[in-house]
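Colleague: Hi, could you walk me through this one? I'd like to start with how you name the pieces.

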Amino acid sequence: MINIKNLEVSVWDESILKWVSLKFELGKNYCILGKNWSGKSTLSSVLMWHPSYEITTWEITLDWEDLIEMEPNERSAAGIFLSFQNIPEIKWVKLSEYLRTIFNIAEKGRNPDFKDISPFLFKRYIKKYLEELHIDEVFLERDLNVWFSGGEKRKIEILQMKLIWPKYIILDEIDSWLDLDAFKTVATMLRSLSSPENSIIIITHYFTILEYIDVDSVYVMKDGEVVKQGGKELAAEVQEKGFEKILN
Ligand SMILES: Nc1ncnc2c1ncn2[C@@H]1O[C@H](COP(=O)(O)OP(=O)(O)OP(=O)(O)O)[C@@H](O)[C@H]1O
Ligand SMILES: [Mg+2]
């Protein structure tokens, strides 16, 4: 479980998150809603690690460990995965090698006796995922996300999730950039990832993704605070009435 208590974050002395308290339990899915600039991406970045933020008050535990004291690679090894709102491009890192590396690390985390998979066997292993996601094999030879379209970058993120099976999957506007068909492919793959052993945390401005992934709790943020909390009916209420009516 990720348990966040009284999280306060600022950038250049400007307070961005204020007294944020919430929990993410395995086996449950969550949705975080809020108008632009309400602090949703800041919260997800703080959970994964980000250099810009000054975290002034926190009590964030990941299975009883202090999350903020953990390095980003330790957080990843412990099962946190952030699907970025803006996915970075990384030159000189070949996609196939990147995917093989994260796969080997994740497998070793689960089984210390695991021996690194060879490039040849790995290409065979991921073939089924590439087909499911409609990703052409030639992408494997390209640098990570460099000149990929928005939709292609998203699909590569889903592929990463399929390879490492994270415990806490934070989706920061996964529905942006995707055309209708790509959205359906991605949403269906995400649904197949949902299990009692993980937790999917959806940040979105649209609600179609909630037709694919059933959420247990909904948090609404405003000006850096969690101002409302409820079940999935709260998302339906926001969708119907808009933030102004719900929050005032
Ligand atoms: N690294 C940063 N440096 C300066 N200001 C920042 C930084 N990160 C976030 N902010 C500010 O914090 C506020 C919250 O931003 P954040 O990106 O978390 O909002 P959001 O809820 O994700 O919005 P959106 O729905 O538009 O994605 C904004 O006013 C933003 O400009
Ligand atoms: Mg955002």
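Modeller: Happy to. Helices here are DSSP runs of H or I with at least four residues, strands are E runs of at least two, and both are numbered from the N terminus. Keep in mind that this is a predicted model.

Colleague: Good. Which residue takes a positive phi just after α1?

Modeller: That's tryptophan 49, with a phi of about 110 degrees.

Colleague: And how many residues of α1 are buried?

Modeller: 7 of its 9, so to speak mostly covered.

Colleague: Which strands does α1 lie across?

Modeller: β1, β2 and β4, and α1 runs at about 70 degrees to β2.

Colleague: What order do the strands take in the sheet with β2 and β1?

Modeller: The order is β2-β1-β4-β5, an open sheet with antiparallel pairing. β2 (14–24) and β5 (65–66) each have a single partner strand, so one side of each has no neighbour in the sheet. Between β1 and β2 there are 7 bridges, and serine 10 stands opposite serine 15 in β2.

Colleague: Switching to the ligand: what surrounds ligand 1?

Modeller: The shell includes Val11, Ile16, Trp37, Ser52 and Gln85, along with Lys40, Ser41 and Thr42. By class, that shell has 3 nonpolar, 8 polar and 1 charged residues.

Colleague: Which element gives the largest share of that shell?

Modeller: Helix α1 (residues 40–48), with 3 residues.

Colleague: Nice link. How many strands are in the sheet with mixed pairing?

Modeller: 6, in the order β6-β9-β10-β3-β11-β12, and that sheet is open too. Its edge strands are β6 (80–83) and β12 (225–230). On average, neighbouring strands are turned by 20 degrees against each other, direction ignored.

Colleague: How do β6 and β9 run, parallel or antiparallel?

Modeller: Parallel, joined by 4 bridges. Phenylalanine 81 has isoleucine 169 in β9 as its bridge partner.

Colleague: Last topic, the core. Which members of the largest nonpolar core touch the most others?

Modeller: Ile2, Ile32, Tyr168, Ile170, Leu171, Ile201 and Ile202, out of 53 residues. As background, nonpolar side chains in soluble globular proteins tend to be buried together.

Colleague: What is isoleucine 202 in contact with, leaving aside neighbours within four places in sequence?

Modeller: Tyr30, Cys31, Leu171, Ile209, Ile213 and Val215. Of these, Leu171 is itself on the list of core members that touch the most others.

Definitions and conventions: Residues numbered from 1 in each chain as written. Chains lettered and ligands numbered in written order. Predicted model: local features only at pLDDT ≥ 70, side-chain atom pairs only at ≥ 80, totals over all residues. Near = placed C-beta within 6 Å. Nonpolar A, V, L, I, M, F, W, Y, C, P; charged D, E, K, R; others polar. Core = buried A, V, L, I, M, F, W, Y, C linked by C-beta atoms within 7 Å. Buried ≥ 20, exposed ≤ 12 C-beta atoms within 10 Å, placed from the backbone. Contact = placed C-beta atoms within 7 Å. Pairing = 2+ DSSP bridges. Axes fitted to C-alpha atoms, helices over the stretch in contact; angles between N-to-C directions.
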